[in-house]
Amino acid sequence: MRRLVLALLLAGALLSVAGCGGDSGGSSQNPVEQVSSEGGLRDRVQAAQNVSAADFPSADGKTLQQVAEEVKGGGKVEAGLASSVFTVGQSRFAFGVIDDQGQFVYGPTAVYVAPDPNKPAVGPFPAPADVLVTEGRYRSRQAAEETDPFAAVYEAQVRFDKRGPWSVLTVTKSGNTWLAAPAQINVTTKKADTIPGVGDSPPKVATDTLASVKGDEKLLDTRVPPSDMHKDSFADVLGKKPVALLFATPQLCQSRVCGPVTDVATQLEAKYRDKIEFIHQEVYANNDPNAGLRPPLQAFHLRTEPWLFVVNANGKITARLEGSFGIRAFENALKTAL
Amino acid sequence: MRSLRVAAVVALAALAAPASALAHSGLSQRQNLPIPDWLFAWAAAAVLVVSFGALAVLWPEPRLEKAGWRPLPGGLGRALGSRAVEIVCGALGVALLVLTIVGGYVGVNTGAANFAPAFILIIFWVGLVFGSIVFGDVFRAISPWRAIGRATGAILGRRAPAPRPYPERLGRWPAALVLLIFPWIELVGKWDAVPHTLVSAALGYTVITLAAQAIYGTETWTRRGEGFAVYFNFFSRISPFETRDRVVGLRPPLAGLPKLDPVPGTVAVVVVMIGTVTFDGFSQGPLWASVLPDLVDAFTSIGFGPVAAEKLAGTVGLLFGVGLIGGFYTLGMEGARSVGGGMTLERLRRIFIHTLVPIAAVYVAAHYLTYFVYDGQRIIYLASDPFGQGSDLFGTATRGVDYSVLSQNGAWYLEVAFVVVGHVAALTLAHDRALSVYGQAKRAVRSQYWMLGVMVGFTSLALWLLVNAGK
């Protein structure tokens, strides 16, 4: 019997060694492998990840309208904006492309911008797709039951040289044709942007923990199942170790393109938990969209969700992401604090 | 005493009114049901009343009390009950205990990525209930603590000190305490989110159990004090499978329950079994959510910190759930005492307590069905990556939970079916016991008016908890 017990202990130890043999958790595979291959979706997303400006018509000497004329004819699509705060200089422009059947469209995509459709266009800015679908084990029930998941978000780093309204044209390559979608955005100055940005010190706000919501777990997290990103309050860890602070409401997200960012956070938390404290904060008071935003969002001057702020150990913001963001953008943001 | 009886009748009447409990409730997650939720409650109550009438007419003699048993055919029963199978099962149990404890410590200290919480709270605590109801007392075979105790006894042989006599007054009270503490750990302590703490508790329990087995003997402690062995054994008495003298055989379903010896603490065990699940369901609904902040504020106002206040509030809720069930059962028995027969309240509480075991079973089955079916799938990827370190031992590490295996409406129908079947089973057991105890069929039926009230009350409570938890 003693031998049996010893053998079992040894087996357990070996198993633990085998378990320790991998990386520090999370997945190291290409995120596109997590996208369903059904109907060629994975291939399309993969194609959408590899974008070169050279593959798109040049904007030299053309107005935005002329670029649009050049690429028209491939069918009717819409650009669903997945970010809303744009400032003068380089700004992250995130979006999804939706066809007239309401389906997401994936393919190599770029962005052109101009203050007015009849003004000279600037671009193309490559907009590679960033995968939003996590590994199955990190998928919430909300994401798992989505029949037409938002599998990837397009993201371009666009330069705006002045504030005011801007016209945007997204162009997606689909086979031998182009799919073009116009959009309108408003660009503000960095000074007018009251939301803490890179290099700023964030407000030292207390985020919700089980104690702060007086034991009511439903107030803590609308994700099913709840994430474990509520152990510490932001105020308690700020300046002590790197923090990824995510404002999101998985159940009450009201946009089709807000994306499963909390799922992405749980997947990356598995990989970075030893180095970064992950904190999730629900958005609406009492989880009621009519009851206003919770105090931490007000302290950050947020009016939309989701938002991610990455803060280094010195208590300075090193990255911020707004709207929908995928695994690549999230991970790149985390690396800025390490 | 008259006032107590009046209170009993009022309480039973209040709890036995399904419409009042459900009329204003909405099924937020089951909006496409073809039948309104209040109709489910009335239908469930009607099934019980019809069953009660049918039992009174068609079940004139006790049957379950004297049910037979026959071995499984073809030597299968002897093979399944053999020492070799017992050793293999025991070794499996010990291996799983070691894996769970090592996994809990070595793995990352978050519940979602650690093998230990999923295994302990879903597969062990919930899955084995289903396993026991269907296959009998499987935990007796795979209990790691019993296996270690028996193996140690076999190795020591005559050198092992003789066990001390077990104090009769202790009865199953130690088991009741374990069965109260374990849900506290899960529901109030939330130790599932802190695997290191959870497996420290498992390790501590292992040490205490092995010590108690050394003092009182492995089999005695397994029957009386080892909370999980008692818990799963109670459920296994519903099963048609029973092992006698190392032979697995068949008996009528439920027939194991009338043989339950109602030693001290048995009532407490069953009441805790139902009461803790009641609190779990209650704590997920809006009523508890509205009470909880005031309760927490009350504790903080007298000097407790926010974390301690939240735990204390949860503890109060848990004890309230257990007290509610205990009080309700006692009121029903007080009513049954009024029909005569010269029995004390304590005797009635003990001799009818086995009838609540099917109710405890369906409370678990209905309340944790989706938890088991959905969250139980986590073990598929956690087994491949038991410590959250990125390993993929079985090629399943990237699998997720498939929520399409059971629809929300399908789960609701199953839950309601569990509740109704369980309560009809309880009514049958109570009728059978009443015929045996009272001798006279007329007095037995009269005593069962009260039991019918208890059953309808528990049915209403179960359905209300299910609806409440879905909000």
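What is the order of the strands in the open sheet of chain A? I looked this up in a predicted model, where local features need pLDDT of at least 70, side-chain atom pairs count only at pLDDT 80 or more, and totals for chains, interfaces and linings use all residues. Residues are numbered from 1 along each chain as its sequence is written, chains are lettered from A and ligands numbered from 1 in the order in which they are written, and side-chain values use heavy atoms, with hydrogens and water left out.

**Entry 1: the sheet of chain A**

I read the order of the 5 strands as E2-E9-E8-E4-E5, with mixed pairing. Strands (E, at least two residues) and helices (H or I, at least four) are DSSP runs numbered from the N terminus, and two strands pair if DSSP finds at least two bridges between them. Strand E2 (86–87) and strand E5 (122–126) of chain A each have a single partner strand, so one side of each is left without a neighbour in the sheet.

I then followed E4 (residues 109–114) and E8 (residues 164–174) of chain A, which run antiparallel and are joined by 6 bridges. A:Thr109 stands opposite A:Thr172 in E8(A). Helix H3 (residues 64–71) of chain A lies across E4, E8 and strand E9 (177–188), at about 20 degrees to E8(A). Axes are lines fitted to C-alpha atoms, for helices over the stretch in contact, and angles run from 0 to 180 degrees between N-to-C directions.

**Entry 2: helix pairs of chain B**

I noted that the axes of H6 (residues 115–135) and H12 (residues 227–236) of chain B come within 7 Å and cross at roughly 35 degrees. By class, the contact (heavy atoms within 4.5 Å) of H6(B) with H12(B) has 9 nonpolar, 2 polar and no charged residues. Ala, Val, Leu, Ile, Met, Phe, Trp, Tyr, Cys and Pro count as nonpolar, Asp, Glu, Lys and Arg as charged, and the others, Gly among them, as polar.

I found H14 (residues 286–301) and H15 (residues 306–337) of chain B packed at about 125 degrees, with axes 8 Å apart. H14(B) and H15(B) are therefore oblique to each other; angles under 35 degrees count as roughly parallel, over 145 as roughly antiparallel, 65 to 115 as roughly perpendicular and the rest as oblique.

**Entry 3: confidence**

I recorded an average pLDDT (the predictor's confidence in each residue, from 0 to 100) of 86 for chain B. Over residues 1–31 of chain B the pLDDT is below 50. Where pLDDT is low, the predicted coordinates should not be read in detail.
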